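User: I've got a chain open here and want to go through how it packs. Can you walk me through it?

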Amino acid sequence: MNTKNVLLTGSKKGIGLAIYSELKHRGYRVFGCGRSKSDDSDYLSIDLGDPKNAKTLYDCAKEAMGSVDILINNAGIYMYSPIENTKPQELLNLINLNFVTPQLLCSYAVSDMKKNLWGRIINIGSISGSVGEAYASAYSAAKAGLLGLTKSLALELAPYNITVNQINPGWVDTNLAQDALNDEEKKETIDIIPQKRFIEPYEIAKLCSYLVSDDAKGLTGQGINLCAGLSCGA
Ligand SMILES: NC(=O)c1ccc[n+]([C@@H]2O[C@H](COP(=O)([O-])OP(=O)(O)OC[C@H]3O[C@@H](n4cnc5c(N)ncnc54)[C@H](OP(=O)(O)O)[C@@H]3O)[C@@H](O)[C@H]2O)c1
């Protein structure tokens, strides 16, 4: 039985659900969240587009589990739109969910991790943040900001045996990708991916499982592009 406790955002769908299943399978206790409803006592239905809710989530997770040893910031939304069409409220909502709430959750989680001299933080970014994506400037900016947070926190927390890393997926087969691309666009996208395929959610989950393990203690401050080659050469 693993004794580490995980707080995972966006745990009921897509990549988050795969991470949840993998870590539960490995014996971790996982407190999840999202807007979806659930009777699970280790789950909170909450809108993380409102940064004030980050503290409520953290407090609930800590009360339920006693500690948060591992934080995985996964919940996020995508927005595809020319910059001229920017709507202030949509921009704020995206930045809040994809960047502000993760930073706040980190700020709450680190004090206990520092006391315990052990911690793991994983942020789920995107290759849009590491190499840029036309018509996805808000999304790319939020994910690039997350990478800045990841690298800075890795330096700040290294003396406390806390690692901070970011996984930057390319296209992954989830609702987010299905909503963003119609069948024709999906075919065109697969054509330009070197491995001619989308990443499957379990591939991200397996990397998380390694990053939270003791074997990965020396790996920190990294943005890992898990993208079937899509970011290569960019
Ligand atoms: N799929 C891709 O191609 C791809 C590529 C690169 C990066 N990513 C990143 O991977 C992460 C997971 O995405 P996914 O592909 O698994 O997408 P998904 O299937 O659409 O899942 C998104 C998750 O975020 C949660 N979420 C969304 N809005 C929320 C809100 N306002 N408050 C709380 N939770 C919220 C959702 O839960 P509820 O619906 O229950 O609220 C869901 O669990 C995101 O950060 C995304 O940017 C995805």
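Analyst: One definition to start: contact here means heavy atoms within 4.5 Å. Angles run from 0 to 180 degrees between N-to-C directions. In those terms, helix H2 (residues 53-65) lies across E1, E2 and E3, and runs at about 155° to E2. Keep in mind that this is a predicted model.

User: OK, what is the strand order in that open sheet?

Analyst: There are 7 strands, in the order E3-E2-E1-E4-E5-E6-E7, and the pairing is parallel.

User: Which strands are at the edges?

Analyst: Strand E3 (43-45) and strand E7 (223-226), each of which pairs on one side only. From one strand to the next the twist averages 15°.

User: How many bridges hold E6 and E7 together?

Analyst: Strand E6 (residues 162-169) pairs with E7 over 4 bridges, in the parallel sense. Asn168 stands opposite Asn225 in E7.

User: And which strands does H1 touch?

Analyst: Helix H1 (residues 14-25) packs on the sheet and touches strand E1 (5-9), strand E2 (29-34), strand E4 (70-73), strand E5 (119-124) and E6. The direction of H1 makes about 170° with that of E1.

User: Helix pairs next. At what angle do H1 and H8 pack?

Analyst: At about 50°, with the axes 8 Å apart. H1 and H8 are therefore oblique to each other. The crossing of H1 past H8 is right-handed.

User: Which residues make that contact?

Analyst: On the H1 side they are Gly14, Ile15, Ala18, Ile19, Glu22 and Leu23. H8 contributes Pro201, Tyr202, Ile204, Ala205, Lys206, Cys208 and Ser209. By class, the contact of H1 with H8 has 9 nonpolar, 2 polar and 2 charged residues.

User: What about H3 and H5, how do they cross?

Analyst: The axes of helix H3 (residues 88-116) and helix H5 (residues 137-157) come within 9 Å and cross at roughly 15°. An angle under 35 degrees counts as roughly parallel, and H3 and H5 are therefore roughly parallel to each other. Their crossing is right-handed.

User: Which residues are involved there?

Analyst: From H3, the contact includes Leu91, Leu94, Ile95, Phe99 and Val110. From H5, it includes Tyr139, Leu146, Leu149, Leu153 and Leu157. The contact of H3 with H5 divides into 14 nonpolar, 3 polar and 2 charged residues.

User: Switching to rings. How many aromatic pairs are there?

Analyst: The count comes to 6 aromatic pairs, with ring centres required to lie within 6.5 Å. One of them is Tyr78 with Tyr139, an edge-to-face pair at 4.9 Å centre to centre and 80° between the planes.

User: Where do Tyr78 and Tyr139 lie?

Analyst: Tyr78 is in the loop between E4 and H3, and Tyr139 is in helix H5, so the pair ties together parts that are 61 residues apart in sequence. Tyr139 is also among the H5 residues that make the contact with H3.

Conventions. Residues are numbered from 1 along each chain as its sequence is written. This is a predicted model: local features need pLDDT of at least 70, side-chain atom pairs count only at pLDDT 80 or more; totals for chains, interfaces and linings use all residues. Side-chain values use heavy atoms; hydrogens and water are left out. Helices (H or I, at least four residues) and strands (E, at least two) are DSSP runs, numbered from the N terminus. Angles under 35 degrees count as roughly parallel, over 145 as roughly antiparallel, 65 to 115 as roughly perpendicular and the rest as oblique. A crossing is left-handed if the near helix is turned anticlockwise from the far one by less than a right angle, and right-handed if clockwise. Ala, Val, Leu, Ile, Met, Phe, Trp, Tyr, Cys and Pro count as nonpolar, Asp, Glu, Lys and Arg as charged, and the others, Gly among them, as polar. Two strands pair if DSSP finds at least two bridges between them. Rings of Phe, Tyr and Trp (its six-membered ring) pair if their centres lie within 6.5 Å; planes under 30 degrees apart count as stacked, over 60 as edge-to-face and the rest as tilted.
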